[in-house]
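Please give a briefing on the structure shown below.

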Amino acid sequence: MMELQAAERSAKERGLGLHSGKEAPTTKVVELSRLGEAKGRYYLSFLHRGTQGNRPPVWRGVVDVVLGGGSFRVYIPKEHFQIPFKLAGIVAPSSAMHPGEIADPFATEEWKDFSILHLQQREVEIQVDTSDRAGNFIGNLNLAASLLHAAERSAKAAQLNIWSAEGRVPARQSRFDVQNAAASGGDAIQPTMEEGWVPVVLADVADSTTVYLQRNTPEALEAMELVNASIQQAVSGTTTGFVPSKGELVCALFRDD
């Protein structure tokens, strides 16, 4: 507080900023909200300008409002607009934002207060990966990622709220993930509420919201061995080795496998 007061006194003495006596320029801020799927994808292409490979560009902004544990409204000064933004990789209960909506179980103010304390009115950098059917943008937020992922890991470890035995991750979130995968052309696994773990191998990371997994079960390994045996049989008659033609689908064994 003392540092801010000293900075204000210095600005007054030097006639800087709002103490210069000049009329402040008028800035029109466009608030993007309730865009829907079509307009969301339109603005998504704009936010993807300058994408290099699979890495979206970095946008500097300010968290104007915290709507929930992982939902925000972010103002981007460079373009003078405010966007609805959700942090990728975080499963948080949603509060009722509009009349007629029903809040998710365990949607307490404690989770929202955590984000307000650490993020509201903070300067941040975001990368937008995709958009959902409601027109919300989903991606990474540099300051929030480490804070909220740590909070989520703590809640999982302590089995609190939606991670407790009485409060599984909402089925609505699972359906949303399936819809996102279908919209992006990927193969989605139908949601299930059955208990248990399935061993998998992380085959590829496309972006912050899309990964490709390979089942690591005895049945899957047996199927892979049959595929490998078929490939070996197909190329066993060649003496110079197998040389695939352009565009041909092949299976290769990596050096680290």
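This is a predicted model: local features need pLDDT of at least 70, side-chain atom pairs count only at pLDDT 80 or more; totals for chains, interfaces and linings use all residues.

**Strand β4 and its partners**

- Six of the seven residues of β4 are buried, so the strand is largely enclosed by the rest of the structure.
- Strand β1, which covers residues 30–31, pairs with β4 in the parallel sense over two bridges.
- Within that pairing, E31 has Q82 of β4 as its bridge partner.
- β3 and β4 run antiparallel, with six bridges joining them.
- I76 stands opposite another β4 residue, F81.
- A hairpin is formed by β3 and β4, with four residues between them.
- In the turn of this hairpin, H80 has a positive phi of about 60°.

- β3 is mostly covered, since six of its six residues are buried.
- In a regular strand, side chains alternate between the two faces of the sheet.
- Both faces of β3 are covered: S71, R73 and Y75 are buried on one side, and F72, V74 and I76 are buried on the other.
- β2 and β3 also run antiparallel, here with four bridges between them.
- V66 has F72 of β3 as its bridge partner.
- β2 and β3 form a hairpin, and four residues lie between the two strands.

**The largest nonpolar core**

- The largest nonpolar core has 21 residues.
- The members that touch the most other members are L47, F72, I83, F85, I126, F137 and L141.
- Two or more residues of this core come from each of α2 (36–47), β2 (59–66), β3 (71–76), β4 (81–87), β5 (123–131) and β6 (137–141).
- β4 gives the most to this core, with four residues.
- What does L141 touch, leaving aside residues up to four places away in sequence? The residues in contact with L141 are V63, F72, F85, L87, L119, V124, E125 and I126.

**Aromatic rings**

- The structure holds three aromatic pairs.
- One of them joins F46 and W59: the ring centres are 6.2 Å apart and the planes stand at 25°, so the pair is stacked.
- This pair links distant parts of the chain, with F46 in helix α2 and W59 in strand β2, 13 residues apart.
- Is F46 buried or partly exposed? F46 has 23% relative accessibility and therefore counts as partly exposed.
- W59, by contrast, is buried, with a relative accessible area of 7%.
- F46 also pairs with F81, and this pair is edge-to-face, at 5.9 Å centre to centre with 65° between the planes.
- Because F46 lies in helix α2 and F81 in strand β4, the pair ties together parts that are 35 residues apart in sequence.
- F81 is buried, with a relative accessible area of 7%.
- Taken together, F46, W59 and F81 form one aromatic cluster.

**The chain as a whole**

- The protein chain contains six helices and eight strands.
- Along the sequence, these follow the pattern α-β-α-β-β-β-α-β-β-α-α-β-β-α.
- The protein chain has 257 residues, and buried residues make up 25% of them.
- Among contacts with a separation of 6 or more, 56% are between residues 24 or more positions apart.
- The accessible surface of the protein chain comes to about 18,500 Å².
- Carbon and sulfur atoms account for 54% of that surface.

Methods:
Residues are numbered from 1 along each chain as its sequence is written. Side-chain values use heavy atoms; hydrogens and water are left out. A nonpolar core is a set of buried Ala, Val, Leu, Ile, Met, Phe, Trp, Tyr and Cys residues joined through side-chain atoms within 4.5 Å. Buried means under 20% relative accessible area, exposed over 50%, partly exposed in between (1.4 Å probe, protein chains only). Contact means heavy atoms within 4.5 Å. Rings of Phe, Tyr and Trp (its six-membered ring) pair if their centres lie within 6.5 Å; planes under 30 degrees apart count as stacked, over 60 as edge-to-face and the rest as tilted. Two strands pair if DSSP finds at least two bridges between them. Accessible areas come from the Shrake-Rupley method with a 1.4 Å probe; for residues, only the protein chains shown count as cover.
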